[in-house]
Amino acid sequence: MICHLIDELYRQADAAGQEVRIAQKCDKDLDLRDERTACCDTNEKLATALVSGEFQVFAGTTWLWARDELQHSVDTLFVDEAGQLSLASVLAVTGAAANLVLLGDPQQLAQPSQAAHPPGADVSALEHVLDGAATMPPDAGLLLDRTWRMHPTLCSFTSETFYDGRLACIRGLENQSVLGDEQLGGSGLRVIPIPHQANANSSPEEAAAISTMIGELLQLRWRDRDRNVRALAQDDVLVVTPYNAQVRAIDAALAADGLRGIRVGTVDKFQGREAPVVVYSMASSSAADAPRGIPFLYDLHRLNVATSRAQALAILVASPELIRVMCGTPRQMVLANALCEAWSAARSVQPS
């Protein structure tokens, strides 16, 4: 994430014809993506660079900025992914700067936590600011209300379902489309219903259907927001799933079909990534079969992350029994409703 942010800083500075001098706390063997970035492999080197005034921007993790020797060391500290960081972690770095800017999205997945914690310890710093609201109240902060990724059709679903209808997209994203096929072409949500039974966290039926579908997708073309058209490549498809067991099943199905190089991983792993086409495999045959229950499989943040990775097509591959769920609490009804909304908003595609 730090490297991605630095890349964007250079891109914006280059576009404006300005020079930006950046230092990053990093290991000696880290391959920096831009040779202009100075690598400070020790805390002492970075502290010296701070005092020297040679650099304008300094990048590091929470562990760096919480150190005693870096107290009051910078004017403004930007905390990225503050929707994932706990309040305790953010408070630990506040002494490093006169001003603190929290950036993030609490509607995305929280940072994985281990061990047991007191109630409320899992609430992120941004969630404390939001105080239960889905989006930033005008008197509490600034809502970045434009997506630079999703086609308007995907943006509309995401906005209404997760962001109080306040999310819009920049101009040009309406051009993004997969070209060359009536079923899989175009943009927006698609659903491929795959009936199966007694699958908990792995579905060979979904894995086989996904491998076949990706083979078909790789015969199509991709048009980006600038109307450039090229063949759809392996790196243009992202496959996400809630379970590691399903990652292995999909990898095996792809390898059996000679498809290598397709990115497959859990929703947690691919948060922050994007691709023209995203396939979401839910794996469980029904809510009753889901090993971690409705709260995990139907989690709103997980559905949001999975579908919003897509630039043009988000394809849901799942058992139709998942939308015939018996809910036991009002909260479970809210969770199931989001999946049902995605299913009803999607265009159904029959598996090959």
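Me: How many aromatic pairs does a search of the whole structure find?
Reply: Three. Rings of Phe, Tyr and Trp (its six-membered ring) pair if their centres lie within 6.5 Å; planes under 30 degrees apart are stacked, over 60 edge-to-face, and the rest tilted. One of the pairs is F157 with F162, edge-to-face, at 6.0 Å centre to centre and 90 degrees between the planes.

Me: Before we go on, what sort of model is this?
Reply: Predicted: local features need pLDDT of at least 70, side-chain atom pairs count only at pLDDT 80 or more, and totals for chains, interfaces and linings use all residues. Residues are numbered from 1 along each chain as its sequence is written, and side-chain values use heavy atoms, with hydrogens and water left out.

Me: OK. Are F157 and F162 buried or exposed?
Reply: Both are buried, where buried means under 20% relative accessible area, exposed over 50% and partly exposed in between (1.4 Å probe, protein chains only).

Me: And why does the pair of Y243 and F296 count as tilted?
Reply: Because their planes are at 35 degrees, with the ring centres 5.7 Å apart. Y243 lies in the loop between β12 (237-241) and α8 (244-256) and F296 is in helix α10 (residues 293-297), so this pair ties together parts 53 residues apart in sequence. Helices (H or I, at least four residues) and strands (E, at least two) are DSSP runs numbered from the N terminus.

Me: What charged end sits over the ring of F296?
Reply: That of R292, 4.0 Å from the ring centre. The test is NZ of Lys or CZ of Arg within 6 Å of the ring centre and within 35 degrees of the ring normal. R36 does likewise over Y10, at 4.1 Å from the centre.

Me: Now holes. How much space lies in the largest cavity?
Reply: About 60 Å³. A cavity is a set of points on a 1 Å grid over the protein atoms alone where a 1.4 Å probe fits but cannot get out; a pocket is an open set with protein on both sides within 12 Å along at least five of seven lines, and lining residues have an atom within 4 Å of a point. Grid points are joined across faces, edges and corners, and a volume is the space filled by probe spheres set on the points.

Me: Which strand supplies the largest share of that cavity's lining?
Reply: β15, with three residues. L189, Y280 and L316 are among the lining residues.

Me: And what gives the most to the lining of the second largest pocket?
Reply: β4, with six residues. That pocket holds about 1,200 Å³ of space.
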